[in-house]
Amino acid sequence: MDSVLNLLQVSGNAVVSLWIGIFVLTSLLAGAARISGYVRTMKIQQRPISWRLLRHELFWSACNVFCSTLVLTVLSNWLVQQGLLETNTAAAAWYVVAFEFLLFFFIFDLYFYLVHRALHVQPLFNWIHKTHHRSLNPRPLSYASMSPLEGISEGLIIPLFLTLFTVHETSTYFILPFASLMGLYVHCGYEFAPRWWYQVPATKWLITPMYHSQHHQYFTSNYGAFTTIWDRLFGTMRADFEQDFNRLKSRRANPATQEAS
Ligand SMILES: [Zn+2]
Ligand SMILES: [Zn+2]
């Protein structure tokens with residue numbers, strides 16, 4: 001039991017450190033974009049940030065990280081103490097770890113899509129999700145800038161998943177930080193994926209920063225967290241997305257054709 005509690009604490013600290021690390025890295029990237037035309041071509045939206053929005057993102061990020069970490073940790077500890085949340089400490093083969101990670105990946109992805117769609121229905125949108133959508137041009141700080149009610153409802157699937165499935169401890173090293181890592185990546189504000197990403201069957205179902213950036217820009221499409229699967233299945237993928245992606249990538253070939261988006 002102690003090892004599970006310890007693991008939850010260590011992974012919580014790792015997520016916060018990771019968030020700070022990527023925030024610093026992206027700030028450096030933003031600095032580099034000011035002087036390098038090449039980096040600038042990867043910037044998805046040119047919309048500048050106002051001090052008012054920065055204050056909003058700082059306040060809600062701090063509030064959300066504090067409250068949702070507290071609630072989810074207390075809940076996880078309670079589940080551990082009740083003997084409901086356990087991990088298998090035995091050694092696991094790589095394919096078992098891969099299977100457990102993929103199980104989490106697809107369950108989280110579907111759960112997030114459904115919760116996210118529900119948060120766009122009134123009055124939930126105005127009461128909860130509007131806070132996150134104040135950021136029309138996402139940046140790493142926008143990732144955690146949300147109502148704690150949103151942070152808790154979206155993060156709830158992690159302790160629930162670990163309660164429903166007793167996965168190996170090794171798998172939790174990949175499972176616990178993954179959603180935060182992916183969240184930071186899709187809010188980074190820069191598109192790193194190559195031009196062919198949305199044309200090749202092996203990669204076209206995995207979302208990249210521009211996919212989520214367009215969700216912030218247009219609100220009613222591209223709801224997915226990790227994949228485009230549910231958006232494609234339920235018809236909520238933005239019709240012009242691939243065309244816009246190709247246009248952004250053509251800037252790489254000809255940086256002079258930069259445009260404000
Ligand atoms: Zn949304
Ligand atoms: Zn977002």
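Q: Where is Pro123?
A: Pro123 sits in the loop between H4 and H5. Keep in mind that this is a predicted model.

Q: OK, and what kind of peptide bond joins Gln122 and Pro123?
A: A cis one, with omega at about 0°.

Q: Switching to helices. How many of the 8 residues of H7 are buried?
A: 6 of them, so H7, which covers residues 148-155, is largely enclosed by the rest of the structure.

Q: Which ones are they, the buried residues of H7?
A: Pro148, Glu150, Gly151, Ser153, Glu154 and Gly155.

Q: New topic: phi angles. What's phi for Phe219?
A: Near 70°, so to speak on the positive side, and Phe219 is not a glycine. Phe219 is in the loop between H10 (209-218) and H11 (229-233).

Q: What about phi of Asn222?
A: Asn222 has a positive phi too, about 55°, and is not a glycine. Asn222 lies in the loop between H10 and H11.

Q: Why does Asn222 count as buried?
A: Because Asn222 has 23 C-beta neighbours inside 10 Å, and the cut-off for buried is 20 or more.

Conventions
Residues numbered from 1 in each chain as written. Chains lettered and ligands numbered in written order. Predicted model: local features only at pLDDT ≥ 70, side-chain atom pairs only at ≥ 80, totals over all residues. Buried ≥ 20, exposed ≤ 12 C-beta atoms within 10 Å, placed from the backbone. Helix = DSSP H or I, 4+ residues; strand = E, 2+ residues; numbered from the N terminus.
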